[in-house]
Every structure is written in structure tokens, then in C-alpha cells.
Amino acid sequence: MRFDKFTLKVQEALQEAQSLAGSFGHQAIEPEHLLVCFLRQEDGIAGAILNKLNASPQKTERELESYLKKQPSVGGSGAGQIYIGDRLNKIFDKATTEAAQLKDEYVSAEHVLVAIAEEKEGQAGKILRQAGITRENIFKVLVDIR
């Protein structure tokens, strides 16, 4: 994975997601961690998209945090090695493909958000879909925002 092809906002969110995973005692950074961090970013695109689609970023963040609190945690020295989980790796691959299809030079938060919204396995995608955040809706809003 070439993180130099990710925007600064995505790189910052990933670093914050690593800290968040550590605070929960999680060994793997998953899409839920990253999405919480996207929603916490000041002037971040994820929060702006949710607001435009009449979905509360704060409510979404609370739902994600509630889910994360219920996940198994590792205490002691075992929690030291935090890595990017398989699901998040797949999200990054999908976001990279999305950026390439749109002929964007860098993978940005909106590409990652689309990939998360399309994920069927995880809670982050489920929460987004329940709030009406879909690939189609994200792109409709992006036309206005961009």
C-alpha cells in the first residue's frame, strides 16, 4: 500500500485511528476506527457529506463508538502492536480503485467513504447505509461540494 498516494487528511485520520484503536485496546485498525476519525476532523469532507444528506455526524460517531466499545480488547503488552486490519486493507484497495476510475491523482476521504459505505461485512458500512449514506448519494453531494 502506497500511503504517499493518500491525501494528508486520510493520512492524518489513519494516524488518529491507530491511537483510537489503541485506546480501545484493539490490535487492528478497522473501518469503524477510521470513520470515527474522519467524522472528528474539522472541516472534514465526511462530516460535510453526512450533513448535506441530513445524517447526523455526531449520531453516527456515537453509534460507531458504541460498537467499538463492545469489541474484544487486548490488555497488557499484547496491545502494543497495532496493524491495519484486513477489512480496512480492502477498503483502501477499493478506494484506490475508485480514485483511479475518477482519474484522481490521490486517494481522498471521499473515496474511502464510498468504499466504507459499500462494505457489506462491517458495522461502519451498515451504519452509513441505515443513515441513507450510499455511493450514489455521496456522489450527488460531491457534485455540490466540489
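**Entry 1: rings**

Which residues do ring pairs link into a cluster? I looked this up in a predicted model, and the answer is F3, F6 and F92.

I then went through the aromatic pairs, and the structure holds three of them. I noted F3 with F92, an edge-to-face pair with 6.0 Å centre to centre and 85° between the planes. I checked where the partners sit: F3 is in the segment before α1, while F92 belongs to helix α5, residues 86–101. The pair therefore ties together parts that are 89 residues apart in sequence.

F92 has 0% relative accessibility, so I wrote it down as buried.

My next pair was F6 and F92, again edge-to-face. Their ring centres are 5.1 Å apart, and their planes make an angle of 75°. This pair links distant parts of the chain too, with F6 in the segment before α1 and F92 in helix α5, 86 residues apart. I looked up burial here as well: F6 is buried, and so is F92.

**Entry 2: a lysine and a tyrosine**

I turned to K5 and asked which ring it lies over. I found K5 over the face of Y106, at 5.8 Å from the ring centre.

**Entry 3: I82 and its contacts**

Where does I82 lie? I placed I82 in the loop between α4 (57–69) and β2 (83–84). Next I listed what I82 touches, leaving out residues up to four places away in sequence: Q18, A21, G22, H26, Q27 and I29. I picked A21 from that list and looked up its C-alpha distance to I82, which is 7.6 Å. Along the chain, I82 and A21 are 61 residues apart.

**Entry 4: helix α7**

Which residues of α7 are buried? In this helix, residues 123–130, I noted A124, G125, I127 and L128. I then looked down the axis of α7 and saw why they belong together: the buried residues fall within an arc of 160°, so they line one face of the helix.

What covers these buried residues? My list includes α2 (31–40), α3 (45–52), α4 and α6 (109–118).

Last, I checked what follows α7 and found G132, with a positive phi near 85°.

Note on methods:
Residues numbered from 1 in each chain as written. Predicted model: local features only at pLDDT ≥ 70, side-chain atom pairs only at ≥ 80, totals over all residues. Heavy atoms only, no water. Phe/Tyr/Trp six-rings, centres within 6.5 Å; stacked < 30°, edge-to-face > 60°. Helix = DSSP H or I, 4+ residues; strand = E, 2+ residues; numbered from the N terminus. Buried < 20%, exposed > 50% of the residue type's maximum accessible area, 1.4 Å probe, protein only. Lys NZ or Arg CZ within 6 Å of the ring centre and 35° of its normal. Contact = heavy atoms within 4.5 Å. Arc of directions from axis to C-beta.
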